[in-house]
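Me: Please take a close look at a single part of this model, the place where the two chains meet, and describe it in one connected account. I would like the computed values kept with the residues and elements to which they belong.

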Amino acid sequence: MLNFPVWEIPHLGGGMLIAIVATIHVFIAHFAIGGGLFLVMTERKAYKENDDRILDYVQRHSRFFLLLTLVLGAMTGVGIWFTIGLVSPAATSSLINIFVWGWAIEWVFFFVEIAAIIIYFYTWRKLQPKTHLAIGWIYFIAAWMSLFVINGIVAFMLTPGAWVETRSFIDGFFNPTYWPALVSRTLVCFALAGIYAILTASVFKDRELRGKMVRYAARWSLPSLFLLPLSLYWYYAALPDVAREILTGGLPFIYDTAVLSVVAGGTLFLLVLIAAWLFPARVPVAYSILLLLVGFTVMFSAERVREAIRKPYVLYDYMYTHSVLKGEQENLREEGILNAWGWGKYNEVTDETMIRAGKDVFRAQCMACHTIGGYNDVLKLTEDYTVDDIEIIVLELDQFRGYMPPFAGSFDEARAVAEYLTQIEEERSEELTTIRSGR
Amino acid sequence: MFETVVPQIDPIAVPAPVWLIQFLLMFTFILHLLAMNFVLGGGIIAAVSEIKGRRSGVQHHFELSRRLSKGLPIALAFTINLGVPPLLFLQVMYGHFFYTSSIIMAWPWLSVILFVILAYYGYYLYNFRFEKLSGTRFWVVGGSAFFLTIVAFLYTNNMTLMLTPATWKEVYVGSASGAFLNLGELTLVPRFLHFFIAALAVGGLVVILYGLAKQKTEPEFSKWAIKYGIWWFLIPTFTQFIVGVIFLITLPRDVMLLLMGGSITGTVFFLIAIMGAIASVMIFLLSLQRDEPKPLLYAGFAVLLVTIISMVFVRDVVRSGYIAEYFTLDQLQVEPQTGIILLFFLLFIGGLGIVGWMLQKTTQSVKA
């Protein structure tokens with residue numbers, strides 16, 4: 001196993017932290033792509049219709065665009081990179097060794113992208129329209145190409161496909177969910193471009209222009225939102241069986257999250273439709289912020305689901321969520337996880353070291369998915385179990401609820417986690433009783 | 001005391017020859033360093049000039065701040081962009097050190113993102129609202145520069161922590177919550193100051209360069225800016241000689257000895273760097289007396305560039321020296337992905353071409 005220490009994140013747990021940072025990033029980054037095309041197409045429209053008000057609008061929109069994408073978009077992108085390195089260092093390390101040249105290529109596009117958007121922004125009305133548009137196009141193409149690259153790496157984690165056997169870059173990159181994910185994400189880019197554009201249009205004083213631009217922006221969102229279910233179904237069909245099982249009810253809270261995502265997506269479609277149809281010229285800023293919030297909900301739940309259906313793997317068919325490589329667990333049962341991991345206080349389980357060793361086994365084997373007292377709280381899950389029950393569950397971890405990986409430790413270590421969990425459970429309930437009786 | 005643990009090397013082979021990764025790491029790191037120095041040093045110079053301008057009433061100070069305000073956010077965008085490849089290549093070679101130290105200081109490390117975002121918006125505010133801010137300008141630009149100073153400090157923490165595995169386990173066994181800072185490390189403060197002061201000096205160079213660019217159009221301002229920039233280079237660099245010596249003697253003995261004969265590369269580059277630093281100080285001092293300082297200044301730039309590049313090599317020798325007992329690069333398995341590497345270089349050249357084309361179009365229109 002790749003024996004990195006495991007970071008303890010109170011309440012949230014690593015998966016949730018990743019989902020939060022990733023959603024913020026993705027919500028801006030997809031806009032950075034679709035919004036790029038929106039800029040050039042709208043600028044072109046302004047020239048074509050010879051309408052200076054529209055040109056004014058795009059120019060102002062581009063400032064908002066710059067401040068949002070260049071700063072928050074880029075920095076949260078670095079942020080998600082930092083976060084996965086902290087939460088899943090082993091998986092990040094392997095991903096980087098497999099795809100470092102993919103990332104290097106993505107960086108080239110990122111470089112072209114920021115050069116283009118900065119030049120585009122600072123040369124409004126200073127360049128020939130044709131040249132200015134060309135720079136906008138360069139921006140959009142570079143931005144979409146960076147999605148083209150990163151999508152391969154992200155999709156790989158869930159469906160590495162033939163890579164598991166061949167270990168070839170191309171097999172891993174153009175993996176079974178590559179194309180449906182690319183199409184879905186591209187649609188999301190255009191849907192978001194429209195929704196952000198409604199926001200920047202809704203601050204307009206000029207009612208007629210506001211109505212015109214809201215309708216125009218809705219034409220970006222509606223078709224994309226309409227097509228999205230189709231491409232998502234295509235994506236769904238390409239998923240591994242276990243992932244589909246989790247999604248369709250194997251893990252009830254993930255199923256609920258998926259339903260939330262679909263419902264929020266439908267709501268978003270209706271809200272945009274109603275606004276564009278009934279009161280485009282009077283769309284209030286608050287309404288457009290509501291659209292963004294609903295859009296954020298869609299993305300958050302979708303990203304959350306995408307992360308969750310990867311259980312029990314972090315890199316499918318290769319590395320389990322607790323960083324043990326597939327097949328390695330047999331040896332670790334002999335060797336003991338504490339020995340192999342190395343970050344525990346003790347390497348052996350004895351009567352004296354039992355509780356502390358249990359804590360360290362928990363860090364090494366369970367903390368990737370469970371917290372104590374927070375999200376996916378292990379105490380709540382073990383509430384009704386005795387020490388022996390827990391021990392049995394741990395030894396047969398992959399047979400129980402939760403799509404957990406096999407336990408990769410010795411019998412003594414399984415006992416130690418069970419003792420540890422029971423002990424903190426007891427402390428917890430004692431605390432509760434003292435609080436209650438104190439009242 | 002615990003036995004030192006260093007995570008295993010990733011079983012997936014490195015997809016390029018190590019020398020190539022190393023070269024790209026150093027090359028992009030130098031570019032990142034230059035951009036970072038502009039952003040940090042330039043921000044501090046802008047902030048100080050705001051105060052000096054107010055105290056002395058010399059308009060040139062405000063004028064310089066105003067022009068720096070335009071460059072800072074753009075330079076920050078490229079600092080971030082150019083920071084990506086060195087960090088990427090660092091992870092390829094030293095991932096097992098870097099991820100571990102990052103986890104041990106997880107929250108401070110993650111807060112880097114927040115501080116950069118704050119600094120970034122501060123710089124944009126400073127740029128877009130320069131006139132309106134008037135009195136509060138110092139606080140805005142100074143605040144941003146301060147946040148970036150914190151970022152620099154956090155980076156120094158991680159870059160030193162990753163080199164000292166002996167501290168890791170003790171901290172981790174005590175708490176896995178990732179709230180550690182490497183404050184017990186002897187080299188932390190000198191190392192941080194070494195980089196920080198260099199940023200001020202390079203910030204001074206940016207001012208000189210700007211002054212040179214305006215020689216024809218604004219001769220008076222140009223003259224002032226060149227002088228002002230030279231002092232911004234000289235004063236930090238004088239202090240650097242003291243800080244540098246302290247940094248050197250706080251290094252572990254065997255690492256220090258690498259630069260004094262122990263390693264040929266280390267010693268040669270260290271000598272070049274020291275001589276370059278001394279030479280550049282003399283050149284810039286001389287240029288203060290010249291009516292036409294341009295040729296001397298360019299010579300000074302060239303010497304300094306060599307110095308900076310040599311320092312990056314020295315830094316590499318120091319890094320491998322620190323961790324030599326745990327890991328050397330020849331332990332990495334290598335299986336080059338030749339086709340993809342070629343594709344990267346092709347796209348890289350193409351990307352540079354496109355950016356070149358855009359710049360050319362822009363400068364054309366500005367002239368026209």
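Reply:

**The interface of chain B and chain A**

In this predicted model, chain B and chain A bury about 6600 Å² between them, and carbon and sulfur atoms give 78% of that area. On the side of chain B, the residues that lose the most area to chain A are B:Ile12, B:Tyr99 and B:Tyr172, which together make up 10% of what that side buries. Counted by residues, the contact draws 75 from chain B and 70 from chain A.

As for polar interactions, the number of salt bridges between chain B and chain A is zero, while 16 residue pairs, both members at pLDDT 80 or more, are in polar contact across the interface.

Turning to the elements involved, the side of chain B that touches chain A receives at least two residues from each of α1 (18-56), α2 (59-104), α3 (106-128), α6 (168-174) and α12 (338-367) of chain B. Of the contributions to this side, that of α2(B) is the most, with 19 residues. By residue class, the side of chain B that touches chain A holds 56 nonpolar residues, 15 polar ones and four charged ones.

A separate feature of chain B is a nonpolar patch on the surface, formed by B:Trp231, B:Ile235, B:Phe238, B:Phe241, B:Ile274, B:Ile278, B:Met282 and B:Leu285, whose accessible area together is about 700 Å². Both α8 (219-250) and α10 (264-287) of chain B supply at least two residues of this nonpolar patch, and B:Met282, one of its members, has its place in helix α10 of chain B.

A:His11, a residue other than glycine, has a positive phi near 65 degrees, and A:His11 belongs to the segment before α1 (14-48) of chain A.

Notes. Residues are numbered from 1 along each chain as its sequence is written. Chains are lettered from A and ligands numbered from 1 in the order in which they are written. This is a predicted model: local features need pLDDT of at least 70, side-chain atom pairs count only at pLDDT 80 or more; totals for chains, interfaces and linings use all residues. Side-chain values use heavy atoms; hydrogens and water are left out. Contact means heavy atoms within 4.5 Å. Buried area is the accessible area (1.4 Å probe) that two parts lose on being put together, summed over both. A salt bridge is a side-chain nitrogen of Lys or Arg within 4 Å of a carboxyl oxygen of Asp or Glu. A polar contact is a pair of N or O atoms within 3.5 Å; within protein, one must be able to donate a hydrogen and the other to accept it, and residues adjacent in sequence count only if both atoms are side-chain atoms. Helices (H or I, at least four residues) and strands (E, at least two) are DSSP runs, numbered from the N terminus. Ala, Val, Leu, Ile, Met, Phe, Trp, Tyr, Cys and Pro count as nonpolar, Asp, Glu, Lys and Arg as charged, and the others, Gly among them, as polar. Patches are made of residues with over 30% relative accessible area and no salt bridge: like charges are joined within 9 Å, nonpolar side chains (Val, Leu, Ile, Met, Phe, Trp, Tyr) within 5 Å. Accessible areas come from the Shrake-Rupley method with a 1.4 Å probe; for residues, only the protein chains shown count as cover.
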